[in-house]
Amino acid sequence: QKEPEFFEQASPVAWVGGKTFKLQEPGGSSESWSFVEIPHSADNRITARFDFADASGNPEDFLRFLRRSFSCDNLDDRNAKIRAIQEWMGLALFRMAHRVSDSRALFLSGAASSGKSILVETVQSLFPNSLVTSQAPHEWEMRGSSNSADFKMYTLSKSALNGCAELPEFDKWTSTDAFKKIISGDRLSVRGSGLNGATIRPASAHIFATNHSLTDLPDTTEGFMRRLLLVRYNQSVTGSAAASKTELLGRLRCPREQGRIFRWAAEGAVRVMNQRERYSELATSIGIIAAAREESKSPVDVFVQGVNGSAPVLQRKERGFVEWKFTVKIFRRVEELMEKEEMWKAPRVGGRRKVISGPQLKSLLVERGFDIRSATSEKDGQVRNRQYVYNVDVMNEVSVMEAFGYKSDSRVRSIA
């Protein structure tokens, strides 16, 4: 309590069944990271403690379960998915998932009854119950003293693992700002029940599972998608191939199997650290992201990329500038036309249409490299402070409607 950064600055060390293990940094005769056993000492600043037994050998039951979950994939894809799960689990067990530069949430998507929830429950069983939370990303929105979101975010600073085995439909998830900060372990100022206010750093690893289409994700920008380690499940495991869930979880939660899972996962953490804190490439994940972006273009995408092969509505132009108020007005027209043409549907929260707010639009445009700044001017003795988008030009409303295919002047006027 006196030194909040005490464990944040510690080396990744775990206590497992009476033994102490460390992810050893390069140094001395070693030029790479390694997984080693070290003498127990208070100076180790142990960042994780597990009560299952240390056990050598591969976790055969767990690996058999993973191979069966991805049995319809080709061999390369299957091995890549298992490797991604191994790497994420290793970082999670050593409380490193939020500390590496390539911090991500493990996001399991695809067919129902495919093993996603079993994997989530198996990972949860490795951690002490007191260090496990179960929160969906939409629960981190609507912050304020009258809502529990701040307090839920506060608990993530004490949690080691946050897992949700079944995410609700994505229309409940309307903003990704908090999600990106939490997955990255950024500092957050929160308040809530019993709190006067606190600055916390979320320290959880996150694992989510969903059966819903990724084309309905609330955001497909680079800043959001790079925080997901997407693993796709392409088949349901049913009939004689599916063991009883209770029986399977019983085998996977066996202390000896858990000890073997820990050692196996540690190899994945070492691999990430030796790859300069980057996960191994998962080709299927890259394809999923590209498809989601293509199929779920938001008004922001059309605003900066164009529609039906037309020029972008907001075009980059050296030395040009547009007042922010007018930029938002044209963006609203893009939203309206996309809904009219059924290219996009604004999510609804509590029955109300939820459009992209001005601050959200500004954040998304800045993320795409647009320069938005305030400038002061004086007119009739009064000083005005207004925001502008620099080095751009923007279409007028008639040009926007023509880009959507409204060629007739009368039709354009009637819509306007």
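Entry 1: I began with Phe35, which at 24% relative accessibility counts as partly exposed, because the buried class ends under 20% relative accessible area. The model I am reading is a predicted one. I then turned to Phe21, which is buried, with a relative accessible area of 1%. A search of the whole structure for aromatic pairs returned 20 of them, and Phe21 with Phe35 is a stacked one, with 5.2 Å centre to centre and 15 degrees between the planes. I noted that Phe21 lies in strand β2 and Phe35 in strand β3, so the pair ties together parts that are 14 residues apart in sequence.

**Entry 2: a second stacked pair.** I looked next at Trp140 and Phe179, whose rings are also stacked, at 6.3 Å centre to centre and with 25 degrees between the planes. Trp140 lies in the loop between β6 (132–133) and α4 (149–155), while Phe179 belongs to helix α5, so this pair ties together parts that are 39 residues apart in sequence. I recorded both Trp140 and Phe179 as buried.

Entry 3: I traced an open sheet of four strands in the order β3-β2-β1-β4, with mixed pairing. Its edge strands, each pairing on one side only, are β3 (34–38) and β4 (48–50). With direction ignored, neighbouring strands of this sheet are turned by 25 degrees against each other on average. I then checked β1 (residues 13–16) against β2 (residues 19–24), and found that the two run antiparallel and are joined by four bridges; Val13 has Lys22 in β2 as its bridge partner.

**Entry 4: charges over rings.** I looked for charged ends placed over aromatic faces, and noted that the charged end of Arg49 sits over the ring of Trp15, 4.2 Å from its centre. Lys116 lies over the face of Tyr233, at 5.9 Å from the ring centre.

**Entry 5: Ile183.** Leaving aside residues up to four places away in sequence, I listed the contacts of Ile183 as His98, Ser103, Arg104, Ala105, His206 and Arg227. I also noted that the C-alpha atoms of Ile183 and Ala205 are separated by 7.6 Å, the two residues being 22 residues apart along the chain.

Conventions:
Residues are numbered from 1 along each chain as its sequence is written. This is a predicted model: local features need pLDDT of at least 70, side-chain atom pairs count only at pLDDT 80 or more; totals for chains, interfaces and linings use all residues. Side-chain values use heavy atoms; hydrogens and water are left out. Two strands pair if DSSP finds at least two bridges between them. Axes are lines fitted to C-alpha atoms, for helices over the stretch in contact, and angles run from 0 to 180 degrees between N-to-C directions. Contact means heavy atoms within 4.5 Å. Rings of Phe, Tyr and Trp (its six-membered ring) pair if their centres lie within 6.5 Å; planes under 30 degrees apart count as stacked, over 60 as edge-to-face and the rest as tilted. Buried means under 20% relative accessible area, exposed over 50%, partly exposed in between (1.4 Å probe, protein chains only). A charge sits over a ring if NZ of Lys or CZ of Arg is within 6 Å of the ring centre and within 35 degrees of the ring normal.
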